Amino acid sequence: MLVFNQLETYLYLALLLFAIGLYGVLARRSLIAILISVELILNAASINFMAFNRFLAPHPAVGQVIALFIMAVAAAEAAIALSIIVAVYRKLKSINIEHATELRG
Amino acid sequence: MNFPGFLSPQGIATIAFFVVVAVTLVGALIAVAARNIFHNVLGLAMSLIGVAGLFLYLNSPFVALMEILIYVGAICIAICFAIMLSEPLYLPRPPRKFTKILGAMAGSGLVFIFLLLLTKKTKWVPAAERSTDWSVTTIGHYLLTNYSLIFEVVSLLLLVAMLGAIVIARGGRGSS
């Protein structure tokens, strides 16, 4: 059994990518850096879908369709998030999340 | 797991797989750990190219191509534009408190350990009957028959996202 023909390899890899992305979301303060980390998390989910598609699913087209769906949603999310970041910068002159506290009660 | 000889086709494929894995993980580490935001974006692009390589190993060249086209070609470039439109890079940024970094590491580490144990414990059972039809033609068929609702919803979502992005971001850097 080759290492790249095992489901577990891909699952552990996606897990590592997810953990790295989660660390980025928790540790960084720049909004753009947080967006980058969210993209990593979405890619980890994508790898999981594709791995299950390759090794378990009854029909191999289904997982690929879902991976394409994730990509389109990620593109929409990135466009909206980036425009919000530009608007926040215009309002606060900063994209540090610790300065974006206007909604605090 | 056994290791074939280095010069056999399987050996070369295994070495290439480890290179792809290294590109993915090193890129992801650069994307979260580097201080310069541009290095973060370049790390993200590197990691996504690695993920596209993984998709090639998972028998899906079409999705790998789309990954490079959409993520590296569109999203990373859009992030670069957002960086240029927002905070200038020469401003000093104080380093984050060490306790907070440690807290983030502990949080993601706990989730990692939980999911690792979950993955180890589960028995993955393949479907009883598995089709072997991996062609792009089939994906196209599915997108226009069984999954045409997904196709339409995605196009509507992208249209709404585009309009929303234009409305929110109109005005540029200096105006208020």
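This is a predicted model: local features need pLDDT of at least 70, side-chain atom pairs count only at pLDDT 80 or more; totals for chains, interfaces and linings use all residues.
## Confidence of the model

For the model as a whole, the scores are an ipTM of 0.92 and a pTM of 0.90. Chain B has an average pLDDT of 88, and 94% of its residues score at least 70. Within chain B, helix α2 (residues 37–57) has the highest confidence, with a mean of 94, whereas helix α5 (residues 136–144) has the lowest, with a mean of 89.

Chain A contains three helices and zero strands, and its elements, taken from the N terminus on, follow the order α-α-α. Its radius of gyration is 17 Å, well over the 13 Å that the globule rule gives for 105 residues, so chain A is more spread out than a compact globule. Along the principal axes, the C-alpha atoms of chain A occupy a box of roughly 55 × 25 × 25 Å.

Chain B contains six helices and zero strands, which gives the pattern α-α-α-α-α-α along the sequence. For chain B the radius of gyration is 21 Å, well over the 16 Å that the globule rule gives for 176 residues, so this chain, too, is more spread out than a compact globule. Its C-alpha atoms fill a box of roughly 60 × 45 × 35 Å along the principal axes. Chain B is divided into domain 1, covering residues 8–102, and domain 2, covering residues 135–176, and the centres of these two domains, taken over C-alpha atoms, are separated by 23 Å.

Of the 105 residues of chain A, 52% count as buried, while for the 176 residues of chain B the share is 22%. Among contacts in chain A with a separation of 6 or more, 46% are between residues 24 or more positions apart; in chain B, 42% of the contacts between residues at least 6 apart in sequence join residues at least 24 apart.

## Where the chains meet

The contact between the chains takes 65 residues from chain A and 77 residues from chain B. On the side of chain A that touches chain B, the elements giving two or more residues are α1 (7–27), α2 and α3 of chain A, and α3(A) gives the most, with 24 residues. By type, the residues on this side of chain A divide into 52 nonpolar, eight polar and five charged.

Helix α3 of chain B, residues 61–85, has 25 residues and reaches 35 Å from its first C-alpha to its last, which is close to the 36 Å expected at 1.5 Å a residue. The buried residues in α3(B) are Val63(B), Ala64(B), Glu67(B), Tyr71(B), Ile75(B), Ile79(B), Ala82(B) and Ile83(B). An α-helix has 3.6 residues a turn, so residues three or four places apart point the same way. The cover over the buried residues of α3(B) includes α2 (31–55) and α3 (60–92) of chain A, together with α2 of chain B.

## Single residues

| Residue | Other C-beta atoms within 10 Å | Class |
|---|---|---|
| Glu98(A) | 8 within 10 Å | exposed |
| Lys93(A) | 11 within 10 Å | exposed |
| Asn59(B) | 15 within 10 Å | partly exposed |
| Leu143(B) | 18 within 10 Å | partly exposed |

Asn59(B) belongs to the loop between α2 and α3 of chain B, and it has a positive phi of about 70 degrees although it is not a glycine. Leu143(B) lies in helix α5 of chain B; leaving aside neighbours within four places in sequence, Leu143(B) is in contact with Val65(A), Ser148(B) and Phe151(B).

Note on methods. Residues are numbered from 1 along each chain as its sequence is written. Chains are lettered from A and ligands numbered from 1 in the order in which they are written. Domain bounds come from an automatic or database domain assignment. pLDDT is the predictor's confidence in each residue, from 0 to 100. Helices (H or I, at least four residues) and strands (E, at least two) are DSSP runs, numbered from the N terminus. The expected span of a helix is 1.5 Å times one less than its number of residues. A residue is buried if 20 or more other C-beta atoms lie within 10 Å of its own, exposed if 12 or fewer, and partly exposed in between; C-beta atoms are placed from the backbone. Two residues are in contact if their C-beta atoms, placed from the backbone, lie within 7 Å. Ala, Val, Leu, Ile, Met, Phe, Trp, Tyr, Cys and Pro count as nonpolar, Asp, Glu, Lys and Arg as charged, and the others, Gly among them, as polar. The radius of gyration is taken over C-alpha atoms; the globule rule is 2.2 Å times the number of residues to the power 0.38.
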